[in-house]
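Hi,

Here is the structure I promised to send over.

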Amino acid sequence: MQRRCFAGALLALAALPPAAGAQPLSTKPLRIVVPFGPGGVADLTVRSVAQKMTELMGGQPIIVENKPGAGGVVAAEQVAHAAPDGLTLLLMSNANAVAEGLFKSLPYSAVRDFAPVSTLGYFDLAVLVAADSPIRSLPELVAQTRARPGRLNIGTISIGSTQYLAAELFKSTLGIDVQIVPFNGSPAVVNALRGKQVDAAVEILAPVLPQVSGKALRALAVMGGQRAPELPGVPTVAESSAAAKGFQVASWNALAAPAGTPPATIARLNQAAQAALAAPEVRQRLRSLGVEARGSTPEQQATLLAGEIRRWGAVIERAGIPRQ
């Protein structure tokens, strides 16, 4: 399936009409609002794609604007209320799907107030332990939870984050009795893991990969549908336990425009995004960040978002996380 997506993207690159490569959408810059701070995986991903899109859209200036805060609500609200002219886009992620179930009310609807453009990439989450932990595999971790119910701790970043909810889904899928302990950031999670304050952790793989490669941490499993190319010897959660058959969690990001953006504009943005993602240098750059470059049609992105809203809403309800 991934090969088909890549082939489709290559066709999009080849088929990009001369007019699209010669004329920008407007004399005004195109702005992509990112609900995360600069320098993170999502920010670096969108900057890599935007640079290539500029080349493919006749030098169309693209400005990446970082607006972190409030679980992505600030950035999303700004784009939802922007003019539907294709010149203001949101870097959407599964955080937008989570927010639908996490907040009592939002000043926008992730489904109704945005027009999907294309997914950009997916990145792995991993179940980790300290390198000197006696737990050396996921079955051993599960066995420890059976032997000591309620005694083991899994660290993640804050309640409501993708990592926290992935840990909750992992816990309920395998039917294990563990405590999930939230911290205020990934460095705090890693420090707690290495300092034996928690027994295991769930974290996005890319930021901790250097510590895994440097033998400070050990990855027991990745949460996606296939093994991470960077860690081919590390199994998936689904491979590691019969109880987790079909388990698949990955973080993702995408581009979305305000609802009401003309279909022709969406089509042109989609074509440019997919062509950018097909460029070898962009794919290599994203892979170096631990991101699998993968575009989509707007319809596929809409289906993904709706499915993620349902899934994480159910996890939030089952875990008894109060709405904020």
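In this predicted model, α7 and α13 are roughly perpendicular to each other (the term covers angles of 65 to 115 degrees). They pack at an angle of about 70°, and their axes are 10 Å apart. Axes here are lines fitted to C-alpha atoms over the stretch in contact, with angles running from 0 to 180 degrees between N-to-C directions. Leu165, Ala166, Glu168, Leu169 and Ser172 of α7 meet Arg311, Trp312, Val315, Ile316, Arg318 and Ala319 of α13, where contact means heavy atoms within 4.5 Å. Helices are DSSP runs of H or I with at least four residues, strands are E runs of at least two, and both are numbered from the N terminus.

On the conventions: residues are numbered from 1 along each chain as its sequence is written, and side-chain values use heavy atoms, leaving out hydrogens and water. Local features need pLDDT of at least 70 and side-chain atom pairs count only at pLDDT 80 or more, while totals for chains, interfaces and linings use all residues.

Both α7 and α13 also come up around helix α5 (residues 94-102), whose buried residues pack against them as well as against α4, β3 and β9. Seven of the nine residues of α5 are buried, so this helix is largely enclosed by the rest of the structure. Buried means under 20% relative accessible area, exposed over 50%, and partly exposed in between, with a 1.4 Å probe and protein chains only. Among the buried ones are Asn94, Val98 and Leu102.

Another pair to look at is α3 (residues 41-56) with α11 (residues 263-278): their angle is about 115° and their axes are 9 Å apart. Lys52 is one of the α3 residues in that contact.

Lysine 52 also forms a salt bridge with glutamate 281, with the closest N and O atoms 2.7 Å apart. A salt bridge needs a side-chain nitrogen of Lys or Arg within 4 Å of a carboxyl oxygen of Asp or Glu, and the count by this rule is 10. Glutamate 281 lies in helix α12, so the pair ties together parts 229 residues apart in sequence. Lysine 52 counts as buried at 14% relative accessibility, whereas glutamate 281 is partly exposed at 42%.

Finally, arginine 31 in strand β1 and glutamate 65 in strand β2 are 34 residues apart, and their side chains meet in a salt bridge of 3.0 Å, N to O. Arg31 and Glu65 belong to a salt-bridge network with Lys67.

Happy browsing!

How values were computed:
Parallel < 35°, antiparallel > 145°, perpendicular 65-115°, else oblique.
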